[in-house]
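Please view the sequence and the model together while reading.

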Amino acid sequence: MKTSLVGVSRAIRPLTRSWSAASSGVRPSAKCYSTALESNARGLLLRSAESGRQVNTLLSKLWLRDNCRCNSCVNQDTMQRNYDTFAIPAEIEAAEISPKDDGVEVTWNDSHKSYYPWSWFYETLTASTNDRPLAQSEKKLWGASIANSPPEVPFESVVEAQNLSGLADLTDKIRTYGLCFVTNTPATPQASEKLLKTIGPIRNTHYGGFYDFVPDLALADTAYTNLALAAHTDTTYFTEPAGLQAFHLLSHTPPPSQRLEEALGGQSLLVDGFHAASVLKQESPEDYETLRRVKVPWHASGNQGVAIAPDRAYPVIEGDASLHRVRWNNDDRGVIPLDVDVNAWYKAARKWNEILTRKESEYWFQLSPGRMLIFDNWRVLHGRSAFEGLRRICGGYINRDDFISRWKTSNFERDEVISHNMQLR
């Protein structure tokens, strides 16, 4: 038998139940059974069964009282506390413990009554172990071969659908692969904007909000030309770069001397930055560490009255045990500081660029009306080949937090999401 402090070990067995994606689009919250909550000299002891053995978890009395879920302690609409934590006596004691079928009622020595469902203990303790699917979604790395079967969902399953299954599928594919195409999207800015807003608010920047543009360099950025662009992430110069980015080609008109059926160029390019980083780490660990360690300045200075830089310098690769974010646009990079080994940085950046431009890293495809692309700008680099004629493209940015919120709320039950959010580390 083992005893553990709260948040150290999983202590309650989940009750499995069936789930139909077609019916709701939301994955089920875990349920559980527990045997007892008992007074203990050092706190309150939660007894439960796990894999046929007894597991005890020692809970702080003050912690448990502070996390009372009753209507007078927690606003059930906002899930915010309604009381002063520090008005609770430091030596709070459980005067009476009354177990029920689906939870336990505790009467405290300040006369307050709390009720804790067994499922709440499960969600809380497993969230503390940081090993739940909600906390860690599996990411599938890819290279050029993703062209054989790129992730996609139909527009009608997301916009004005009867349930959240299409939105859950869209956000989960973006979370897993870093990109997803939305097929059957009407080739209009209105439909494209509506689709994006099902995920979250469109982010405003110095470029505006939802964009609908032709290559006229009106916003002093090479993206607004017909020139080729190397693989890069957008908004490297923001403290928090854009989370999601979307492109929808509305039309591509050839120049007057050219027929529509002739090649106009403008192929789009995507590269999985997490895959490229994993290749770099495997082939040249010292270069990987250099790009992870050396903090680089980034800037946006193309428009009058605009001189944007993040709150500090950031490395190209961010993450410790797992990859968190890739930030790479050599055109927007500032000056490598001289207080680091600059030759080592250029060596690492050269290797990084070589991996990004390998044929097996590059996913090339042609954007087309009705097939909107949404991708994770913290992971996936994008570019294009040069083109002729006039292309009209619309799209926008969505903040990372808004995207993750939508992914959670469309794929998991609300109670599980809130429990997880309240204990993020």
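## A sheet and a helix pair

In this predicted model, 3 strands form an open sheet in the order β7-β8-β9, with antiparallel pairing. The strands β7 and β9 stand at the edges and each has a single partner strand, so one side of each is left without a neighbour in the sheet. From one strand to the next, the twist averages 20°. Strands of a sheet pair through backbone hydrogen bonds, either parallel or antiparallel. Here β7 and β8 run antiparallel and are joined by 5 bridges. Within this pairing, A94 stands opposite W108 in β8.

The elements discussed here have the following residue ranges.

| Element | Residues |
|---|---|
| β7 | residues 94-99 |
| β8 | residues 103-108 |
| β9 | residues 113-117 |
| α5 | residues 273-283 |
| α7 | residues 342-356 |

The helix pair is described next. The axes of α5 and α7 come within 10 Å and cross at roughly 125°. An angle of 65 to 115 degrees would count as roughly perpendicular, and one over 145 as roughly antiparallel; α5 and α7 are therefore oblique to each other. Their crossing is right-handed. On the α5 side, the contact is made by G273, A276, A277, V279, L280 and E283. The α7 side contributes K351, W352, I355 and L356. By class, the contact of α5 with α7 has 7 nonpolar, 1 polar and 2 charged residues.

Methods
Residues numbered from 1 in each chain as written. Predicted model: local features only at pLDDT ≥ 70, side-chain atom pairs only at ≥ 80, totals over all residues. Heavy atoms only, no water. Axes fitted to C-alpha atoms, helices over the stretch in contact; angles between N-to-C directions. Helix = DSSP H or I, 4+ residues; strand = E, 2+ residues; numbered from the N terminus. Parallel < 35°, antiparallel > 145°, perpendicular 65-115°, else oblique. Left-handed = near helix turned anticlockwise from the far one by under 90°. Contact = heavy atoms within 4.5 Å. Nonpolar A, V, L, I, M, F, W, Y, C, P; charged D, E, K, R; others polar. Pairing = 2+ DSSP bridges.
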